[in-house]
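Please look at the sequence and the model before reading the points below.

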Amino acid sequence: MFNKIARDYTGLIYQIFKNNITQFYGELIPFPNWTGAKRNYWIHFMSAGVFEIWMTWIKNGQQETIEEISSLIRLFHK
């Protein structure tokens, strides 16, 4: 029962995260040539990856510093 509840909350949190990351990328990166499917899939790809990095970090007991995780995300983002 606990695992089902945890999965449900994770999905809900991801949806909130994805909505916010979509807005973030829309303001940060103008995507002049990225429209339609290309933009949509890129946002899904990036938001899922970043979300999984944060979730894995939390599940692993936050062994790395927040600065290390942020640096990894920036590296992967390039």
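Helices here are DSSP runs of H or I with at least four residues, numbered from the N terminus. By that rule W54 and W57 both belong to helix α2, three residues apart, which is about one turn of the helix. The model is a predicted one. The chain holds three helices and zero strands, and its pattern along the sequence reads α-α-α.

**The chain as a whole**

- The chain has 78 residues, of which 19% count as buried.
- Its accessible surface comes to about 6,100 Å², and 62% of that area belongs to carbon and sulfur atoms.
- Among contacts between residues at least 6 apart in sequence, 42% join residues at least 24 apart.

**The nonpolar core**

- In soluble globular proteins, nonpolar side chains tend to be buried together.
- In this chain the largest nonpolar core is made of ten residues: I21, Y25, F31, W42, I43, M46, V50, W57, I69 and I73.
- At least two residues of this core come from each of α1 (2-28), α2 (36-59) and α3 (66-77).
- Helix α2 supplies the largest share of the core, with five residues.
- One of the core residues is M46; apart from neighbours within four places in sequence, M46 is in contact with Y25 and H77.

**Aromatic pairs**

- A pair of aromatic rings is described by the distance of the centres and the angle of the planes.
- How many aromatic pairs does the structure hold? There are three.
- The ring centres of Y14 and F51 are 5.1 Å apart and their planes meet at 65°; planes over 60 degrees apart count as edge-to-face, so this pair is edge-to-face.
- The pair links distant parts of the chain, with Y14 in helix α1 and F51 in helix α2, 37 residues apart.
- Y14 and F51 are both buried.
- Y14, F51 and F17 together form one aromatic cluster.
- W54 and W57 form another edge-to-face pair, with 5.6 Å from centre to centre and 75° between the planes.
- Is W57 buried or exposed? W57 counts as buried, because its relative accessibility is 12% and the cut-off for buried is under 20%.

**The surface**

- Which residues form a nonpolar patch on the surface? The patch consists of Y9, L12, I13 and I16, which together have about 430 Å² of accessible area.
- I13, one of the patch residues, lies in helix α1.
- With a relative accessible area of 46%, I13 is partly exposed.
- N20 is also found in helix α1.
- Where the chain folds back, sequence distance and distance in space can be set side by side: N20 and S47 are 27 residues apart in sequence and 9.3 Å apart in space, C-alpha to C-alpha.

Terms used: Residues are numbered from 1 along each chain as its sequence is written. This is a predicted model: local features need pLDDT of at least 70, side-chain atom pairs count only at pLDDT 80 or more; totals for chains, interfaces and linings use all residues. Side-chain values use heavy atoms; hydrogens and water are left out. A nonpolar core is a set of buried Ala, Val, Leu, Ile, Met, Phe, Trp, Tyr and Cys residues joined through side-chain atoms within 4.5 Å. Buried means under 20% relative accessible area, exposed over 50%, partly exposed in between (1.4 Å probe, protein chains only). Contact means heavy atoms within 4.5 Å. Rings of Phe, Tyr and Trp (its six-membered ring) pair if their centres lie within 6.5 Å; planes under 30 degrees apart count as stacked, over 60 as edge-to-face and the rest as tilted. Patches are made of residues with over 30% relative accessible area and no salt bridge: like charges are joined within 9 Å, nonpolar side chains (Val, Leu, Ile, Met, Phe, Trp, Tyr) within 5 Å. Accessible areas come from the Shrake-Rupley method with a 1.4 Å probe; for residues, only the protein chains shown count as cover. A salt bridge is a side-chain nitrogen of Lys or Arg within 4 Å of a carboxyl oxygen of Asp or Glu.
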